[in-house]
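Here's a quick briefing to read alongside the coordinates.

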Amino acid sequence: MIVGIVIVALVVVLFFIWMSINNGIVQKNNKCDAAWQTIDAQLQRRNDLIPNLVETVKGYAAHESGTLEAVTAARNAVATATTPETKMEASGQLTQALRGLLAVSEAYPDLKANANFSQLQADLTDTENKISYARMSYNDMVLDYNNAIQTFPGTLVAGSKYKPRTGFTVEDPAVRQAPQVKF
């Protein structure tokens with residue numbers, strides 16, 4: 001009789017330990033989703049700023065069509081990306097294209113002096129800084145989540161139900177830095 005009670009008590013304790021670990025993994029997974037949503041919101045904000053920036057540059061540097069088309073194409077790639085991985089890749093390409101667009105402004109003093117362009121540059125720089133911070137936060141959440149599912153005893157609970165996530169990586173070192181705005 002006592003052995004049966006001990007076995008039942010042990011099963012109950014093990015069940016609560018399993019549930020606690022599982023709940024921790026679920027919470028970490030949800031934190032990853034929330035962190036990605038923050039990145040996604042900032043990417044959308046950046047995408048919303050780009051048409052105004054492109055139109056302003058067009059007025060001063062119409063013959064820079066290659067640069068403007070590259071920015072527009074990269075913006076469209078971010079907008080149509082459906083997974084975090086494709087958005088990450090497209091975002092890197094957009095950052096590179098924006099760097100080229102901002103470099104164009106250096107050759108046009110009238111454009112640099114334009115108040116609208118200056119405000120758009122400041123907004124874009126602010127957004128790029130927020131994206132950078134959100135990427136760091138996302139990567140921290142992904143690290144916590146991956147550690148939870150890949151270390152003992154989480155690996156027993158995670159099994160095949162939870163898959164490792166990929167953090168935000170930048171392959172091109174030039175893209176690692178947010179575009180710098182020079183006033």
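**Salt bridges, core and surface**

Glu55 and Lys58 sit three residues apart in helix α1, about one turn of the helix. They pair up in a salt bridge, with the closest N and O atoms 3.4 Å apart. Keep in mind that this is a predicted model. A search of the whole structure turns up six salt bridges, and a few of them are picked out below.

**Salt bridges**

- Lys87 is buried, with a relative accessible area of 14%, while Asp40 is partly exposed at 28%.
- In helix α5, Lys130 and Asp126 are four residues apart, about one turn of the helix, and their side chains meet in a salt bridge at 3.3 Å, N to O.
- Lys130 is partly exposed with a relative accessible area of 36%, and Asp126 is partly exposed with 32%.
- Arg45 joins in too: Arg45, Asp126 and Lys130 are linked in a network of salt bridges.

**Nonpolar core**

- The largest nonpolar core has 40 residues, and Ile25, Val71, Leu98 and Tyr138 touch the most other members.
- Helices α1 (2-60), α2 (65-80), α3 (84-106), α5 (115-150) and α6 (154-158) each supply at least two residues of this core. The top contributor is α1, with 11 residues.
- Leaving aside neighbours within four places in sequence, Tyr138 has contacts that include Cys32, Trp36, Ile39, Met88 and Phe168.

**A buried polar residue**

- Asn114 lies in the loop between α4 (109-113) and α5, and it counts as buried because its relative accessibility is 17%, with the cut-off being under 20%.
- What does the Asn114 side chain reach? It makes a polar contact with the side chain of Tyr60 at 3.0 Å, and it reaches the backbone nitrogen of Asn116 at 2.8 Å.
- Beyond neighbours within four places in sequence, Asn114 is in contact with Thr56 and Tyr60.

**Nonpolar surface patch**

- Val8, Val12, Phe15, Phe16 and Trp18 make a nonpolar surface patch of about 510 Å².
- Val8 lies in helix α1 and counts as exposed, at 53% relative accessibility.

Key. Residues numbered from 1 in each chain as written. Predicted model: local features only at pLDDT ≥ 70, side-chain atom pairs only at ≥ 80, totals over all residues. Heavy atoms only, no water. Core = buried A, V, L, I, M, F, W, Y, C linked by side-chain atoms within 4.5 Å. Buried < 20%, exposed > 50% of the residue type's maximum accessible area, 1.4 Å probe, protein only. Contact = heavy atoms within 4.5 Å. Patch = residues over 30% accessible without salt bridge, like charges linked within 9 Å, V, L, I, M, F, W, Y side chains within 5 Å. Areas by Shrake-Rupley, 256 points an atom, 1.4 Å probe, with all protein chains shown as cover. Salt bridge = Lys/Arg side-chain N within 4 Å of Asp/Glu carboxyl O. Polar contact = N/O pair within 3.5 Å; in protein donor to acceptor, adjacent residues only side chain to side chain.
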